Amino acid sequence: MSHQGLSQTNRTGNGSRPQVLVVDDDEAMLDACPQVLEREGFRVIAASNGADALDLMRHQRPDVIIVDLKMPGMSGEEFLREARQVDPEAVAVVITGYPSLSSAVEVMKAGAYDFLPKPFEAEELRIITKRAVEKRRLAQAVAAVEREKRRMHDNFVAMVTHQLKSPAACVKECLDAALRSFAPEMPEPCRQLVERAAVRSQLLLKLMDDWLTLARVESGAVRARAAPVEMCAVIQQAIAAAQEGPDHHQVAVQFEPQAPSAWVCGDEQTLRELFVNLIDNALRYTPDGGRALVRLSVERETVTVCVTDTGPGIPPGDVELVFEPFFRGESARGTQGTGLGLAIVKEIAEAHGGRVLVESEPGRGATFTVLLPAGEAQR
Amino acid sequence: MRWHWSVLAIARSAREQVERSDAEESGRGHVRGVRGATMTCKAKILIVDDDADYQAAMRQILEGAGYEVVSAYSKDEGLELLKEKSPDLIILDIMMDRTTDGFFFLYEMKAKAEGNKPPVLSISVISEKTGMQFSPTTDGDYFPADDFLTKPVDPAELLEHVKALLAGYRPPKRSE
């Protein structure tokens with residue numbers, strides 16, 4: 001029985017030589033298994049009972065555990081349950097002298113990857129252990145990719161936020177400061193150019209904000225903040241916010257809720273953003289003096305919100321594309337948007353378990369319908 | 001970050017109080033001492049931000065409104081000038097050379113037992129978009145600035161907030 005001492009480098013049983021823990025009260029097995037496995041290049045540690053084995057696991061991180069189902073004291077199954085607490089990712093192979101369908105099922109339920117009925121050949125042990133090690137490697141690789149993805153996402157957010165937004169914010173601030181102090185003294189062509197630059201740098205910042213929003217919602221960060229949200233209030237706030245946008249005050253927005261309140265489970269701020277984007281979209285495409293209509297209704301399981309504009313409508317070929325990031329159809333010419341508004345609407349709706357649909361005919365405006373699963377009211 | 005309309009109304013009435021003693025456009029700003037006293041002085045604003053270009057823009061806006069501006073380009077310079085110049089207001093960038101510089105400036109300033117503790121208006125590109133919120137109403141506990149704006153700030157909005165803070169207004173912190 002080789003007992004390896006406390007060693008930090010063993011922790012992930014990494015790369016070079018996989019580590020196998022053998023747990024069996026049978027002396028013969030404790031003798032034979034390590035010999036067979038070490039010849040394959042595995043490092044082997046062994047224990048004759050569950051308690052000792054758990055102790056070993058606390059100091060090392062075996063890639064694979066080979067455990068006998070029937071042991072005095074702590075059974076193989078009990079041991080496996082405990083082992084899962086210590087290392088949820090350990091891959092276990094169960095040795096059993098009583099193979100039957102029901103015991104196989106029990107074993108799988110206890111979290112074993114495979115089982116090996118006694119008596120077995122050395123070759124069978126080798127093969128099953130190799131497969132178990134491969135499974136472990138695969139799980140580790142997946143976990144590493146997930147971590148990297150998370151790191152890249154966090155870096156992306158940090159990068160966009162600070163590295164890109166800082167200089168863009170600085171440019172906007174300098175232009176605004178110059179216009180505020182010196183516009184009357186600037187030759188008119190100069191003032192106009194500075195104005196254009198100020199407007200474009202504002203759009204650049206909005207684009208970064210929209211992109212960040214999309215990234216944040218796609219990453220699932222929204223789900224963590226779910227709470228009961230009352231949608232009538234949220235929609236009213238969204239209408240007020242959308243109407244503050246440039247050139248939007250000439251279009252009226254009418255809100256027609258068919259219920260006094262409508263509850264959804266989700267993130268309030270993000271849901272508000274969904275409707276700010278949707279209503280802003282409606283306002284952008286509705287001519288001055290026109291009207292946008294927002295209707296809300298609640299059935300048992302669904303909250304439905306329809307936003308209708310009286311704009312030029314969407315050509316049939318474009319209808320499927322409007323939710324694509326950066327898609328700006330023919331009717332978008334002459335308006336200033338980032339091309340991400342509807343992509344954000346779709347992403348947020350889906351993050352909340354809902355959907356968004358669009359219906360439109362050229363010349364007859366468009367109606368966007370958001371369906372969200374109804375949630376419980378806040379107590 | 002936009003203020004709620006009621007808050008802007010309060011800011012405007014604070015400004016009107018200041019205007020009573022002197023013309024606002026001449027930019028003499030805040031009245032020090034007993035209300036109704038005939039003495040007026042220019043308010044002094046310390047900006048702590050390592051971005052020299054951004055400081056130049058802010059300086060243009062604030063000096064244009066009659067304030068005296070002092071610039072610090074690092075946390076340490078900021079703490080020094082705080083002691084030396086006794087500003088009436090501090091405008092602080094959250095992230096400077098090291099991500100935590102803004103935080104540490106604030107903590108060190110609040111930790112000092114004696115001396116000047118002017119209101120702090122924190123300005124940053126960080127906002128809810130990045131998934132973080134640094135608003136006194138939600139995060140007052142661990143970033144105790146008195147007010148918060150997102151870069152870039154509209155010049156008129158910046159001046160509204162500055163006047164309100166100098167007149168003693170503080171945005172409410174969340175009670176829970």
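Biologist: What should I know about the model and its numbering?

Modeller: This is a predicted model, in which local features need pLDDT of at least 70, side-chain atom pairs count only at pLDDT 80 or more, and totals for chains, interfaces and linings use all residues. Residues are numbered from 1 along each chain as its sequence is written, while chains are lettered from A and ligands numbered from 1 in the order in which they are written.

Biologist: How many helices and strands are there in chain A?

Modeller: Helices (H or I, at least four residues) and strands (E, at least two) are DSSP runs, numbered from the N terminus. Counted this way, chain A has nine helices and 12 strands.

Biologist: What percentage of the residues in chain A is buried?

Modeller: A residue is buried if 20 or more other C-beta atoms lie within 10 Å of its own, exposed if 12 or fewer, and partly exposed in between, with C-beta atoms placed from the backbone. Of the 379 residues in chain A, the buried share is 36%.

Biologist: Are α2(A) and α3(A) roughly parallel or roughly antiparallel?

Modeller: Axes are lines fitted to C-alpha atoms, for helices over the stretch in contact, and angles run from 0 to 180 degrees between N-to-C directions. The axes of α2 (residues 50-59) and α3 (residues 76-86) of chain A come within 10 Å and cross at roughly 15°. Angles under 35 degrees count as roughly parallel, over 145 as roughly antiparallel, 65 to 115 as roughly perpendicular and the rest as oblique. Therefore α2(A) and α3(A) are roughly parallel.

Biologist: Which residues make the contact of α2(A) with α3(A)?

Modeller: Two residues are in contact if their C-beta atoms, placed from the backbone, lie within 7 Å. From α2(A) come A:G50, A:A53, A:L54, A:M57 and A:R58, and from α3(A) come A:E78, A:F79, A:E82, A:A83 and A:V86.

Biologist: What is the order of the five strands in the open sheet of chain A with mixed pairing?

Modeller: Two strands pair if DSSP finds at least two bridges between them. The edge strands, β7 (252-257) and β11 of chain A, each pair on one side only. Between β7(A) and β9 (residues 291-298) of chain A there are six bridges in the parallel sense. The order is β7-β9-β10-β12-β11.

Biologist: Which strand of this sheet makes an angle of about 20° with α8(A)?

Modeller: Helix α7 (residues 231-243) of chain A packs on the sheet, and its direction makes about 175° with that of β7(A). Helix α8(A) also packs on the sheet, touching β7, β9, β10 and β12 of chain A. The strand whose direction makes about 20° with that of α8(A) is β10(A).

Biologist: What is the strand order of the open sheet in chain B?

Modeller: This sheet has five strands with parallel pairing. Its edge strands are β2 (68-72) and β5 (147-150) of chain B. Neighbouring strands are turned by 20° against each other on average, direction ignored. The order is β2-β1-β3-β4-β5.

Biologist: Which residue of β5(B) stands opposite B:S122?

Modeller: Strand β4 of chain B, residues 120-124, has five of its five residues buried. From β4(B), B:V120, B:S122 and B:S124 point one way, and B:L121 and B:I123 the other way. In β5(B), the residue opposite B:S122 is B:F148.

Biologist: Which helix gives the most residues to the side of chain B that touches chain A?

Modeller: The contact takes 19 residues from chain B and 20 residues from chain A. The helix of chain B that gives the most, with seven residues, is α2 (residues 52-64).

Biologist: How many charged residues does the side of chain B that touches chain A have?

Modeller: Ala, Val, Leu, Ile, Met, Phe, Trp, Tyr, Cys and Pro count as nonpolar, Asp, Glu, Lys and Arg as charged, and the others, Gly among them, as polar. By these classes, the side of chain B that touches chain A has nine nonpolar and four polar residues. The number of charged residues is six.
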